[in-house]
Amino acid sequence: MRAGQPLGGRRILITRARHQAGRLAEALEALGAEALRLPTIEIVPPETYAQLDSVLEVISGFDWLIVTSANGAAALADRMQFLSVPPERLQHLQVAAIGPATAAAVGRIGLPVSAMPEEYVAEAVVAMLKERVRGQRILLARAAVARDVIPEQLRQCGADIHVVEAYRTVIPPDSIEQVRELFGEGKPLPDAATFTSSSAVSNFFALLAAANRELPQGLRAVSIGPVTTRTLRQHKWEPACEAVEYDIPGVVRACVSLLG
């Protein structure tokens with residue numbers, strides 16, 4: 001903790017998946033904060049790969065691929081490798097990525113991204129594509145549980161969209177004991193808790209329930225954007241700050257705005 005820095009002496013909770021927490025933690029620590037990592041999400045395979053495998057077999061018949069998270073891109077890459085599907089077999093696709101982190105993950109597969117919205121939310125993906133996808137066949141690779149904005153609205157625009165589960169998000173069992181310890185009686189509260197997805201919010205409350213803990217009074221939430229904020233409000237928790245840019249640097253700036 002370095003008191004001369006914008007977040008010196010601040011303790012900030014990170015609720016991202018274990019494998020994704022590093023970037024946010026390092027950025028906050030570089031500004032003097034103590035990053036407390038509480039994984040609320042664990043990425044696991046879908047219950048069956050049958051859908052994804054069958055679609056990859058006939059991928060030449062598709063026009064678009066939409067990827068809505070870096071996790072989705074990584075899961076797709078893993079399955080392509082398992083099935084020995086080379087990236088060249090997907091080169092004919094136009095690829096839409098929801099934001100720069102997702103685009104970077106798609107790039108690691110070896111696929112160029114041809115469309116990315118200015119705002120990193122599902123509604124912006126629809127607005128970007130609605131005039132371009134009539135009569136087109138679209139593959140949407142995503143989590144097992146996700147908002148249906150993209151498939152529902154693009155079908156209304158005349159697209160033939162196929163949704164496949166590339167991965168699932170579950171609650172890490174070892175995080176339950178961590179919540180008991182973190183929010184135990186007499187323990188000092190973190191200065192803020194950061195949330196970078198709706199799943200993280202929902203799983204955080206599930207962890208509180210499993211640990212027999214209430215939402216601590218006075219704990220401030222920092223939201224990555226309007227969709228995550230909406231989920232916080234559904235849980236009767238008004239965020240203290242929402243990022244202006246819906247990405248990790250935006251979350252860092254929101255923490256500095258709130259706590260700096």
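Guide: What follows is an account of that sheet, its strands, a helix and a group of rings.

The model is a predicted one, in which local features need pLDDT of at least 70 and side-chain atom pairs count only at pLDDT 80 or more, while totals for chains, interfaces and linings use all residues. Residues are numbered from 1 along each chain as its sequence is written, and side-chain values use heavy atoms, with hydrogens and water left out.

The open sheet has five strands, in the order β2-β1-β8-β9-β10, and their pairing is parallel. Strands here are DSSP runs of E with at least two residues, and helices are runs of H or I with at least four, both numbered from the N terminus. Two strands are said to pair if DSSP finds at least two bridges between them. At the edges stand β2 (34–37) and β10 (241–242); each has a single partner strand, so one side of each is left without a neighbour in the sheet. Within the sheet, β8 (residues 192–195) and β9 (residues 221–223) are joined in the parallel sense by three bridges. In this pairing, T194 stands opposite V222 of β9.

Helix α9 (residues 226–234) packs on the sheet and touches β8, β9 and β10, where contact means heavy atoms within 4.5 Å. The direction of α9 makes about 145° with that of β9; for such angles, axes are lines fitted to C-alpha atoms, for helices over the stretch in contact, and the values run from 0 to 180 degrees between N-to-C directions.

The rings come next. A pair of aromatic rings is described by the distance of the centres and the angle of the planes. Rings of Phe, Tyr and Trp (its six-membered ring) pair if their centres lie within 6.5 Å; planes under 30 degrees apart count as stacked, over 60 as edge-to-face and the rest as tilted. By this rule there are six aromatic pairs. One of them is formed by F195 and W237, which are edge-to-face, with 5.6 Å from centre to centre and 80° between the planes. F195 belongs to strand β8, whereas W237 lies in the loop between α9 and β10, so the pair ties together parts that are 42 residues apart in sequence. Both F195 and W237 are buried, a term that means under 20% relative accessible area, with exposed over 50% and partly exposed in between (1.4 Å probe, protein chains only).

W237 also pairs with F205: the ring centres are 6.0 Å apart and the planes stand at 85°, so this pair is edge-to-face. Here too distant parts of the chain are linked, with F205 in helix α8 (residues 198–210) and W237 in the loop between α9 and β10, 32 residues apart. F205 counts as buried because its relative accessibility is 16%. For W237 the value is 6%, and therefore W237 counts as buried. Ring pairs link these residues into a cluster made up of F183, F195, F204, F205 and W237.

In this part of the model, then, W237 in the loop between α9 and β10 is paired with F195 of strand β8 and with F205 of helix α8, while helix α9 packs on the sheet.
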